Amino acid sequence: MRVILESVAAFALVFLPLARGQANYTVPYTFTTIAGDTEYGFDDGIGTDARFADPQGIAVDRGGNLYVADHGSDAIRMIAPLLSGGQTNWVVTTIAGLPATPGSADGTGSAARFSQPRGLAVDGAGNLFVADFANQTIREITPSVSAGQTNWLVTTIAGAPGQHGSADGPGPQARFSFPTGVTADRLGNLYVADEGNATIRRLQMPSSAGQTNWMASTIAGLAGQHGSTDGAGTNARFFNPFQLAFDSAGNLYVTDYGSSTIRKLAPAQSAASSNWVVSTIAGAVGNFGSDDGTGTNAQFLNPYGIAVDLGGVLFVVDSGNNTVRRLSQTVVAGITNWIVSTIAGSADFYGVSDGTGANALFDYPNEIALDRAGTLYVTDTYNNTVRRGWSPPVIVLGVPSYTASQVQIGFALAAGSAASFSLLNAPSLSGPWVTNTLATLVTNLPGVSFTFTVPLSQNPAQFCRVQSP
């Protein structure tokens, strides 16, 4: 008796109503809550037993661990995935700072102090970097393992606690004004959204052994000069730059929430020039709203978080609209246009619901991170939660193994993430397709791998289709 699998897995398509008739949910994302509850607090724990206090910055390392700048608790939290019984639990611990105890002290773990940390980034070596908003500083958190335990050492690498300013220069001589965002390039250099100065700053990492100072410079915008002008270097203007992200080509993208626009910084094309060229790729100054569309025809309302996937697609947390937006490129006659669509949330409502597309509700979401599989992670600030989002899944089916009585069908995700699947059968490819109620999902590692055990029927051939519920 043979079991024949479809070469392409089929999935139920979800179509949702358009918010205000302007949002496009043709590729809706599903969001679930993985940590925290609506209750404000500082407790470590598993999943929804943990508590956050206005979580903001978020980053993910190569191992899939999440890090959160817990703005209201003045602490840095870690959310580690733990596979148990075929399910993923998310374990929340505090790795640096002491909840509800603000300060600026460097030190290890709970001996360190932060004051309203916001932006967060992780480099390829697993070091964390924090835009310590109210301290006017940039901090580094370095993990070290001793006797099987990880300790997190916090040091201040640029700025001076409580010292406002815009000065460039070596680490402790540099000055910032309420830095909000931070990201790292492939070389390990840092880039900071210096909101109070309306500038973008670069911190070049120490270039030789024994050197400790990071060198700060301003690459775009002019301190104290707010505006929306595109241009090169200090000729450009920003209103309130908030968060930044790099694409694989070395372009830097910034959310300018004061103008409700998305800006692009293209690196200098020659070694003789240090200018970064700033352009507006989506949204229009003074045209606030929630409309999807192309380039400046799209509307945003206080966009905060931004992330870029491996294909150059941007994901933006549109905080004022309580939505997550997607920006993809199209090139026509050599001109690049950015198409903006809404993938989750509703500009008409705020709430705390998990769900797909407009059925997922947020309450002033703040920042966003992407893992290697393209899964999204969002800090839902006023809900005090961390949410996980994925697109409709695409799976790769393996070769089945079978005996005289049963067959095992295994598959893995090529993209997207889903908690569960069902298995359908049909006597031929033309159907009719019917859910196999006797099929048992014996391996269920959400976002990783799945295995069905299926009793064989008396049919001479049986076609199988795996489907997301």
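Biologist: How many helices and strands are there in the protein chain?

Modeller: The protein chain has zero helices and 39 strands. Here helices (H or I, at least four residues) and strands (E, at least two) are DSSP runs, numbered from the N terminus. This is a predicted model, where local features need pLDDT of at least 70 and side-chain atom pairs count only at pLDDT 80 or more, while totals for chains, interfaces and linings use all residues. Residues are numbered from 1 along each chain as its sequence is written, and side-chain values use heavy atoms, with hydrogens and water left out.

Biologist: Thanks! What percentage of the residues count as buried?

Modeller: Of the 469 residues of the protein chain, 53% are buried. Buried means under 20% relative accessible area, exposed over 50%, and partly exposed in between (1.4 Å probe, protein chains only).

Biologist: Let's talk sheets. In what order do the strands of the open sheet with S8 come?

Modeller: The order is S8-S12-S11-S10-S9, five strands with antiparallel pairing. Strands pair if DSSP finds at least two bridges between them. At the edges are strand S8 (107–108) and strand S9 (117–122), each pairing on one side only.

Biologist: How many bridges join S10 to S11?

Modeller: Five bridges join strand S10 (residues 128–132) to strand S11 (residues 137–146), and the two run antiparallel. Asp 132 stands opposite Thr 137 in S11.

Biologist: Which residues have the most contacts inside the largest nonpolar core?

Modeller: Ile 76, Ile 95, Phe 114, Leu 128 and Ile 141, in a core of 16 residues. At least two core residues come from each of S5, S6, S7, S9, S10 and strand S12 (149–158). A nonpolar core is a set of buried Ala, Val, Leu, Ile, Met, Phe, Trp, Tyr and Cys residues joined through side-chain atoms within 4.5 Å.

Biologist: Now Ser 73: buried or exposed?

Modeller: Ser 73 is buried, at a relative accessible area of 1%. You'll find Ser 73 in the loop between strand S5 (66–70) and strand S6 (75–84).

Biologist: What does the side chain of Ser 73 make a polar contact with?

Modeller: With the side chain of Asp 70, at 2.9 Å. A polar contact is a pair of N or O atoms within 3.5 Å; within protein, one must be able to donate a hydrogen and the other to accept it, and residues adjacent in sequence count only if both atoms are side-chain atoms. Leaving aside neighbours within four places in sequence, Ser 73 is in contact (heavy atoms within 4.5 Å) with Phe 42, Ala 53, Leu 98, Pro 99, Ala 100 and Thr 101.

Biologist: Where does Thr 101 lie?

Modeller: In the loop between strand S7 (87–96) and S8. Thr 101 is partly exposed, at 27% relative accessibility. Not counting residues up to four places away in sequence, Thr 101 touches Ser 73, Asp 74, Arg 113 and Phe 114.

Biologist: Switching to S27, how many bridges join S26 to it?

Modeller: 10 bridges join strand S26 (residues 323–332) to S27, running antiparallel, and Gln 329 stands opposite Trp 338 in S27. In their hairpin, which has two residues between the strands, Ala 333 takes a positive phi near 55 degrees. S27 (residues 335–345) is also joined by two bridges to strand S23 (residues 293–294), again antiparallel. There, Thr 294 has Ile 339 as its bridge partner.

Biologist: Last topic, aromatics. What is the count of aromatic pairs?

Modeller: The count is 17 aromatic pairs. Rings of Phe, Tyr and Trp (its six-membered ring) pair if their centres lie within 6.5 Å; planes under 30 degrees apart count as stacked, over 60 as edge-to-face and the rest as tilted. Phe 31 and Phe 362 form an edge-to-face pair, 5.2 Å centre to centre with 80 degrees between the planes. That pair links distant parts of the chain, 331 residues apart.

Biologist: Is Phe 31 buried or exposed?

Modeller: Phe 31 is buried, with a relative accessible area of 0%. Phe 362 is buried as well, at 0%.

Biologist: Which residues form the aromatic cluster?

Modeller: Phe 242, Tyr 257, Tyr 304, Tyr 364 and Tyr 382 form one aromatic cluster.
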